[in-house]
Each structure stands twice: as C-alpha cells, then as structure tokens.
Amino acid sequence: VVLLEMARARRDLFAAYVGTGLLVHRDDGRAIAYERVLARAREQSHAEAVAALEEIGRPPYARPEDMRTLNRWSDAFTRAEEGTAANRLIELLLAPRQSHGDVASYLGGYVASDEQFDLGAMDLRKSGTSFELPIVFIQGAEDLDTPIELARSYYDSITAPHKELVALPNGGHAALVYDRATFREKRRFRYRGEGWGLTFDGRRLILSDGTPQLRFLDPGTWQ
C-alpha cells in the first residue's frame, strides 16, 4: 500500500509498480473471506465452524477474539498451497541461512506497520486511480487476507500506461496472465517457490520468498 502511494507521488523514482497481496480495504476483504469460509464450512457440514462463524457474524469486529475466530476457521478451510499462518511461521523460522536477527527484523516490520499505519482506515479506492507508470498486481486466487475480488475491482478502476492482473491459482505456482482490455486469459505458466514480494529491474523479475534469498527470473518464462 505504501509503495503504491510512493509510486504515484514520485513517478520519477520508479520504472513500474509490481505488487503482490494488494490490500485494497481491510474490512471489505475480511467480509469476503468470512463469506468464503462460511460457505465452505456449510458445504462440508462442519457444525462447529458454522456455529462459531454465525455467532460472530460478518466483519468488522470490535472484539479481537472475533477476529481470532475468523482466522482460526480461515486456516482450517484454506485452499491455498502455502498452508496456514502457523505453517508459514515455521517455514520462516527454519528457512536456510535465516538468523534469529532476520526473523526479528521480519516480525518487527509487521509491528512497525501497525504502529505507523492505520490499515483499517486505508481504502485504495478513495486515494486515486490514475497512474503514470506501468502497474502489475499479482494475487493468489485463494488468498483470504487480500481477496482477489477486491484487487480485481480496483484493477478495473485504475488507468495506467500498461496494467496487468496476474492470478495465482491455489495461492501460487501456476500463474494466469489476462488481457487488460478483454480480461481474457493470455497465457498460463508454472513457477517454483512462494512469492512474498516481486520487483523488476528492467531486465529480470526479482522474487523474494520472505527469506534473505532473492531469485532472478526471466519475465517471459519465469525460469
């Protein structure tokens, strides 16, 4: 979110914006996640989950325990390949060449974001939709934290010299590239690993997986 606003304000410093997990509006995203998870619980006749979710109702929530309830069942019914939040934390702690200092810095970033930015008050739809540089959004189709429905709606509303929305089925590995005019699929491909951040140096895609390692990929093949 911050980088998107930086790219808008200082076009001279950026060649393009490439972002993953776009947070358009926190509470609207949580509402979409709630409906998805409740529907899956009902499909599977999971009485405990249905009862718990119906008790807390749709977001926004005033009580932290209600948010924890939604997170619990979101993890239980996720279809994303990256798994639960607990699994992602374990992977972070056990990543090769990852020091305790790296983990502390990583988690400290989350704390700093909470202290400096009121994510609940942010709404990208109200901050402007005109950009003077290429825009690429990469979203997991099963992402319950930043649902692709909101990213797609925001993508449709913006104007830019070039824009693309890339959907990652099951949260990763296979990517779909859509034509910006017709929203028809242009191509699909598979790539290795999990992407937490992506940028472009004019020649190569640079992919971070949350560890100190960076991967350099050909933008045409993702190899």
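**A note on helix packing, cores and salt bridges**

1. Let's start with a helix pair: the axes of α2 and α7 come within 9 Å of each other and cross at roughly 135°. That makes α2 oblique to α7, since angles under 35 degrees count as roughly parallel, over 145 as roughly antiparallel, 65 to 115 as roughly perpendicular and the rest as oblique. The axes are lines fitted to C-alpha atoms, for helices over the stretch in contact, and the angles run from 0 to 180 degrees between N-to-C directions. On the α2 side, Asp28, Gly29, Ile32 and Arg36 meet Ile148, Glu149 and Leu150 of α7; contact here means heavy atoms within 4.5 Å.

2. A word on the model before going further. It is a predicted one, in which local features need pLDDT of at least 70 and side-chain atom pairs count only at pLDDT 80 or more, while totals for chains, interfaces and linings use all residues. Residues are numbered from 1 along each chain as its sequence is written, and side-chain values use heavy atoms, with hydrogens and water left out.

3. For the overall picture, the protein chain has seven helices and eight strands, taken as DSSP runs (H or I, at least four residues, for helices; E, at least two, for strands) and numbered from the N terminus. Of its 223 residues, 39% count as buried, where buried means under 20% relative accessible area, exposed over 50% and partly exposed in between (1.4 Å probe, protein chains only). Among contacts between residues at least 6 apart in sequence, 59% join residues at least 24 apart.

4. Next, the nonpolar cores (sets of buried Ala, Val, Leu, Ile, Met, Phe, Trp, Tyr and Cys residues joined through side-chain atoms within 4.5 Å). The largest has 17 residues, and those touching the most other members are Leu4, Tyr17, Leu22, Phe131, Ile135, Phe137 and Tyr154. At least two residues each come from α1 (2-9), β2 (135-140) and α7 (148-157), with α7 giving the largest share, three residues. A second, separate core of 16 residues includes Tyr61, Met67, Leu70 and Leu144.

5. Salt bridges, meaning a side-chain nitrogen of Lys or Arg within 4 Å of a carboxyl oxygen of Asp or Glu, come to a count of 15. Glu142 lies in the loop between β2 and α7 and Arg40 in helix α2, so the pair ties together parts that are 102 residues apart in sequence. Both partners are buried, with Arg40 at 5% relative accessibility. A polar atom of the Arg40 side chain also lies 3.2 Å from the backbone oxygen of Phe77. Salt bridges with shared partners join Arg36, Arg40, Glu142 and Glu149 into one network.

6. Arg72 bridges to Glu48 at 3.2 Å between the closest N and O atoms; Arg72 sits in α4 (residues 64-77) and Glu48 in α3 (residues 47-56), so parts 24 residues apart in sequence are tied together. Arg8 and Glu5 meet at 3.1 Å, N to O, and both lie in α1, three residues apart, about one turn of the helix. Arg8 is partly exposed at 23%, as is Glu5 at 28%.

Terms used
Polar contact = N/O pair within 3.5 Å; in protein donor to acceptor, adjacent residues only side chain to side chain.
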